[in-house]
Amino acid sequence: MSGGEVAGILVAVFWAILVSFLAVALARLAQTLRATTRLVADVTEQAVPLLADASAAVRSAQTQIDRVDAIATDVQEVTSNASALSTTVASTFGGPLVKVAAFGYGVRRALAGRKDDVPAGDPRRTVIVGRTVSRREKRKPRGKRD
């Protein structure tokens with residue numbers, strides 16, 4: 001056997017080993033692709049019902065939002081009506097009520113028979129620019145009398 005024949009045999013053996021490794025790698029790749037295909041099919045089977053449930057939930061939420069919107073609109077209308085009613089009551093009864101209260105105060109003062117303008121129960125003091133002065137201090141003579 002010559003050197004060229006030995007080299008040819010070695011190249012053929014290495015070539016056969018390389019082809020074997022490539023065949024094993026391709027077989028494993030095919031197996032992985034089959035598993036991936038099954039996984040995608042299973043996910044699709046489970047995703048379709050989930051999407052249907054999610055769609056139903058979104059529709060239900062939209063219905064509830066519509067109801068809340070209607071309620072908020074009604075509450076806004078009731079609030080504006082209450083505000084208008086409050087304004088009407090205040091303008092209708094406010095003035096006469098103040099007049100009745102003033103009249104009642106006047107009647108009480110007249111029946112009490114008080115001569116000066118001091119309300120009953122108040123101490124006899126006067127406030128002058130943030131300072132309290134009693135009646136006795138106010139009655140001091142203005143000039144000295146000897």
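M1 lies in the segment before α1, where helices (DSSP runs of H or I, at least four residues) and strands (runs of E, at least two) are numbered from the N terminus. This is a predicted model, in which local features need pLDDT of at least 70 and side-chain atom pairs count only at pLDDT 80 or more, while totals for chains, interfaces and linings use all residues. Residues are numbered from 1 along each chain as its sequence is written, and side-chain values use heavy atoms, with hydrogens and water left out.

With 76% relative accessibility, M1 counts as exposed, because exposed means over 50% relative accessible area, buried under 20% and partly exposed in between (1.4 Å probe, protein chains only). Beyond its neighbours within four places in sequence, M1 touches V6 and I9, a contact being heavy atoms within 4.5 Å.

M1, V6 and I9 are also among the members of a nonpolar surface patch, together with L10, V13, F14, I17 and F21. The accessible area of this patch is about 850 Å² in total, as given by the Shrake-Rupley method with a 1.4 Å probe, where for residues only the protein chains shown count as cover. Patch residues have over 30% relative accessible area and no salt bridge; nonpolar side chains (Val, Leu, Ile, Met, Phe, Trp, Tyr) are joined within 5 Å, and like charges within 9 Å. A salt bridge here is a side-chain nitrogen of Lys or Arg within 4 Å of a carboxyl oxygen of Asp or Glu. V13 sits in helix α1, residues 3-112, and is partly exposed because its relative accessibility is 45%.

Helix α1 bends by about 35 degrees at F93, with the proline P96 following within four residues; the bend is the angle between axes fitted to the seven residues ending there and the seven starting there. Just after α1, G113 adopts a positive phi of about 75 degrees.

Turning to the whole chain, two helices and two strands follow the order α-β-β-α. Of the 146 residues, 2% are buried, and carbon and sulfur atoms account for 65% of an accessible surface of about 13200 Å². Mean pLDDT, the predictor's confidence in each residue from 0 to 100, is 83 for the chain, with 77% of residues reaching 70 or more. Among the elements, α1 has the highest mean (92) and α2, residues 135-138, the lowest (54).
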